[in-house]
Amino acid sequence: MKKLFIYLSAAILFLTACKKDKDNGPPLSIEPVDIFLEHTSGECTIKINASSTWSVGTTADWITSVTPKSGVAGENSLSVSYKENALNNWRDGEIVLRGPQGSTAVLKLTQGVSQRGALMAIYKATDGDNWKANWEWGTKSALSTWARVVTDGKENVIGLSLGDNNLRGALPREIGSLKALKRLELWHNKLTNIPKELGLLTALTYLDFQDNASSIENALIPEEIWQLNNLTYLDFAFNNLKGTIPTGIGNLTKLTYLDLEKNRLEGEIPKELGLLTQLKDLYLNYNVLTGTVPKEIGQLTQLTKLRLNHNNLKTLPPEIGGLILLEFLALQNNLLEGEIPKEIGNLTKLKDLYLNNNNFTGNIPVEFKNLKSISNAITLNGKSLFSFNVSENRLSGNVPPEVKALSWWTSYSSWTFGALNPQQSGYGLVY
C-alpha cells in the first residue's frame, strides 16, 4: 500500500510539472490570416505560425472538424472541414486556439453564398422591389432569365447590368461571391458604399460605378480595388470620393479606360500611373490634385484623350509631348506655371487643346505650327465654341507667324472675344 502511494504521488508530481511547464510558456499568438470559404461543403488547409504550443478549443457549429487537435510553436497546418452554406448571407465563424497562461488566439473564417444567394442579398439590400427592372428576381427560374443578369450558359453569372435601375442603400458584402463576374454596371443609382469585397471579383474586366454622388459621401475607394488586375475599364466618376490616388493603381496594367473625375481626390498624381501603358482615355479632372504632373505620363503612348483640368496642378513636364496619339488635351483651370512646353507641338493629332486659366508665361511656342488638326471655331445656338484656348494666362510677345498662318487660327482670330482675345488674356499677347 505504501509503495502504491509513492507511485501515485510521483505520477501526480510529474503531471503537475508538465502542466506547470506548459502554463509557463509564452502566451499564444498567431499571425493574422484572411480565410474565405466557398459556399459548398468541403475541406481546406490553413497555415498558421504560432508563438507557442496550442490546442483546439471551440469552433463554429458549421465547422465539422479541425485536425490536428494540438501543435507546437512555429509553422503548423490545420485541416478544416465545413458544411454547405444554404443561406442567402455570408456567415462568419471562429476557431479558438488555446495556449499557455490561459491565452487564446482566434482564427476568423467567412463562408460565402451561392450565386443565387449573392444576387438575392443584393436585391434585398438595395430595395429590389422598387427597381426599374426586376423581373424574375427571386424566382426559381434560371438566372439567365433574371432582369439584367448575364450568364455563360452554365448558370455562372458573368454580367450584372444594374446601371440606372434605382438601386438604393448599401451594397452587401455577399457581392463578393459572384466569382465568375466579368462586367459590373452600377452607374447612376443611389448606392451609399463601395464594399471592399469587390476586390474578390478577380475575373472582373469592366466596372462602372459612376454617378452615385447623391447618396455616397466621403467614401474612399477600397484598396482591394487596385488588385483587380484584369480590369480594362474602371469608372468611379461623379461620386464625391475622397482620399488620394494610391500607388497600387500601377497594378491595373490592362486598363484602357480610367475615369475618376468629379470627386475630391487630393495629393499628387502617382508616378505609377505611367505603368498603365494600354490607357486610351484618362480623366482625372475636377478633383483637388496638386503638385507636378509626373514625367511618367509620357509613357502612356496609347492615350487619345487626357483631362486633367480643374485641379491645382503646378508643373507640366516636357514628356507630355510623347503622347503622339493624343486628340484631346484639357489642362485648363489649374495653377500651371512657366512656359508652355514646346513639346506639345509634337501632338499633331490634337483636335482640342485647352490651356486657359493657368499661370503660363512667355509666348505661344513656334512648334504649335505643327498643330494642323485643331478644329475651327464654330457658333452653335448663339454660342461660340472653341477647340483651342490659351486665354487667362500671363502670355506676352508676338504670336509666331507660322502659327498665325494655320487655317484654324484664322477662324479664331476673327472673333472679337473668346479664346484668343488679347483683352481676355490681359497680359499683352499680340495677335
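Glutamate 38 and lysine 179 meet through their side chains in a salt bridge, with N and O 3.3 Å apart, where a salt bridge is a side-chain nitrogen of Lys or Arg within 4 Å of a carboxyl oxygen of Asp or Glu. The pair links distant parts of the chain, 141 residues apart: glutamate 38 sits in the loop between strand S1 (35-37) and strand S2 (42-50), and lysine 179 in the loop between strand S11 (168-169) and strand S12 (183-185). This is a predicted model, in which local features need pLDDT of at least 70 and side-chain atom pairs count only at pLDDT 80 or more, while totals for chains, interfaces and linings use all residues. Residues are numbered from 1 along each chain as its sequence is written, and side-chain values use heavy atoms, with hydrogens and water left out.

**The protein as a whole**

- The protein has five helices and 31 strands, which are DSSP runs numbered from the N terminus (helices are H or I with at least four residues, strands are E with at least two).
- Of its 431 residues, 47% count as buried; buried means under 20% relative accessible area, exposed means over 50%, and partly exposed lies in between (1.4 Å probe, protein chains only).
- The accessible surface comes to about 20400 Å², and 51% of this surface belongs to carbon and sulfur atoms; such areas come from the Shrake-Rupley method with a 1.4 Å probe, and for residues only the protein chains shown count as cover.
- Among the contacts in the protein with a separation of 6 or more, 56% are between residues 24 or more positions apart, a contact being heavy atoms within 4.5 Å.

**Salt bridges**

- Side chains of opposite charge can pair when their charged atoms come close.
- The count of salt bridges comes to four.
- In the opening pair, glutamate 38 counts as partly exposed at 40% relative accessibility, and lysine 179 also counts as partly exposed, at 28%.
- Aspartate 164 forms a salt bridge with lysine 132, the closest N and O atoms being 3.0 Å apart.
- This second pair also links distant parts of the chain, 32 residues apart, with aspartate 164 in the loop between strand S10 (157-161) and S11, and lysine 132 in the loop between helix H2 (115-125) and strand S9 (149-151).
- Aspartate 164 is partly exposed, with a relative accessible area of 26%, whereas lysine 132 is exposed, with a relative accessible area of 57%.
- Arginine 183 forms a salt bridge with glutamate 185, where the closest N and O atoms are 2.7 Å apart; arginine 183 is partly exposed at 34%, but glutamate 185 is buried at 13%.

**A buried charge without a salt bridge**

- Aspartate 352, which has its place in strand S24 (residues 352-354), is buried yet has no salt bridge, and the nearest side chain of opposite charge, lysine 351, is 7.3 Å away; here Lys and Arg count as positive and Asp and Glu as negative, while His and the chain ends are not counted.
- The side chain of aspartate 352 makes a polar contact with the side chain of serine 387 at 3.0 Å; a polar contact is a pair of N or O atoms within 3.5 Å, and within protein one must be able to donate a hydrogen and the other to accept it, with residues adjacent in sequence counting only if both atoms are side-chain atoms.
- Leaving aside neighbours within four places in sequence, aspartate 352 is in contact with Glu327, Phe328, Leu329, Ile374 and Ser387.

**Helix H2**

- Eight of the eleven residues of H2 are buried, so the helix is largely enclosed by the rest of the structure.
- The buried residues of H2 include Leu119, Met120 and Ile122, and what covers the buried residues of this helix includes S9 and S10.
- Aspartate 127 follows H2 and has a positive phi, near 60°.

**Backbone details**

- A cis peptide bond joins threonine 67 and proline 68, with omega about -5°, and proline 68 lies in the loop between strand S4 (63-67) and strand S5 (70-71).
- Aspartate 211, a residue other than glycine, has a positive phi near 65°, and is found in the loop between strand S14 (206-208) and strand S15 (233-235).
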